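Please consult the sequence and the coordinates alongside the text.

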Amino acid sequence: MTRPGLCGRCAHARTVESRRGSTFYLCGRSRTDPGFPRYPVLPVLRCVGFEADRDGGGNPDETEES
Ligand code: SF4
């Protein structure tokens, strides 16, 4: 399985599992900023939008900081 890189511990990432069991990372920032891909190509090694997830894992519900 491909390592997710930064998306694996980003507060804006959400994991989506396909019917075939593959896991994708959905970038929450893509909803408001077209500069971010909806499904980033993994592994993401550098990203200006990265924010560390407090839990260190994928967040089931993207939280927008305001
Ligand atoms: S902001 Fe960057 S690191 Fe975070 S989920 Fe989106 S692409 Fe991944």
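The sections below cover confidence, secondary structure, the ligand shell and selected residues.

## Basis and confidence

This is a predicted model, in which local features need pLDDT of at least 70, side-chain atom pairs count only at pLDDT 80 or more, and totals for chains, interfaces and linings use all residues. Residues are numbered from 1 along each chain as its sequence is written.

The pLDDT, the predictor's confidence in each residue from 0 to 100, averages 87 over the chain, and 82% of the residues score at least 70. Over residues 62-66 the pLDDT stays under 50, and the model has four contacts for this stretch beyond four places in sequence. Two residues are in contact if their C-beta atoms, placed from the backbone, lie within 7 Å. Where pLDDT is low, the predicted coordinates should not be read in detail.

## Secondary structure and chain packing

The chain has two strands and zero helices; both kinds of element are DSSP runs numbered from the N terminus, with helices (H or I) of at least four residues and strands (E) of at least two. Strand β1 (residues 13-17) runs antiparallel to β2, and five bridges join them; pairing requires that DSSP find at least two bridges between two strands. Within this pair, V16 stands opposite F24 in β2. The two strands β1 and β2 form a hairpin with five residues between them, and G21 in the turn has a positive phi of about 90°.

Of the 66 residues of the chain, 18% count as buried. Burial is judged by the other C-beta atoms within 10 Å of a residue's own, all placed from the backbone: 20 or more is buried, 12 or fewer is exposed, and a count in between is partly exposed. Among contacts with a separation of 6 or more, 55% involve residues 24 or more positions apart.

## Ligand surroundings

The ligand is surrounded by 13 residues, the closest being C7, C10, C27, C47 and G49. A residue is near a molecule if its C-beta atom, placed from the backbone, lies within 6 Å of it. By class, this shell holds 10 nonpolar, two polar and one charged residues. Here Ala, Val, Leu, Ile, Met, Phe, Trp, Tyr, Cys and Pro count as nonpolar, Asp, Glu, Lys and Arg as charged, and the others, Gly among them, as polar.

## The segment after β2

P43 lies in the segment after β2, and the peptide bond from L42 to P43 is cis, with omega near -5°. R46 is found in the segment after β2 (23-27). R46 is classed as exposed because it has 7 other C-beta atoms within 10 Å. The C-alpha atoms of R46 and G5 are 8.5 Å apart, although 41 residues separate them along the chain.

R54 also belongs to the segment after β2 and counts as exposed, with 10 C-beta neighbours inside 10 Å. Its C-alpha atom is separated by 8.4 Å from that of R9, 45 residues away along the chain. D33 has its place in the segment after β2; with 10 other C-beta atoms within 10 Å, D33 is exposed. Between the C-alpha atoms of D33 and G49, 16 residues apart along the chain, the separation is 10.0 Å.
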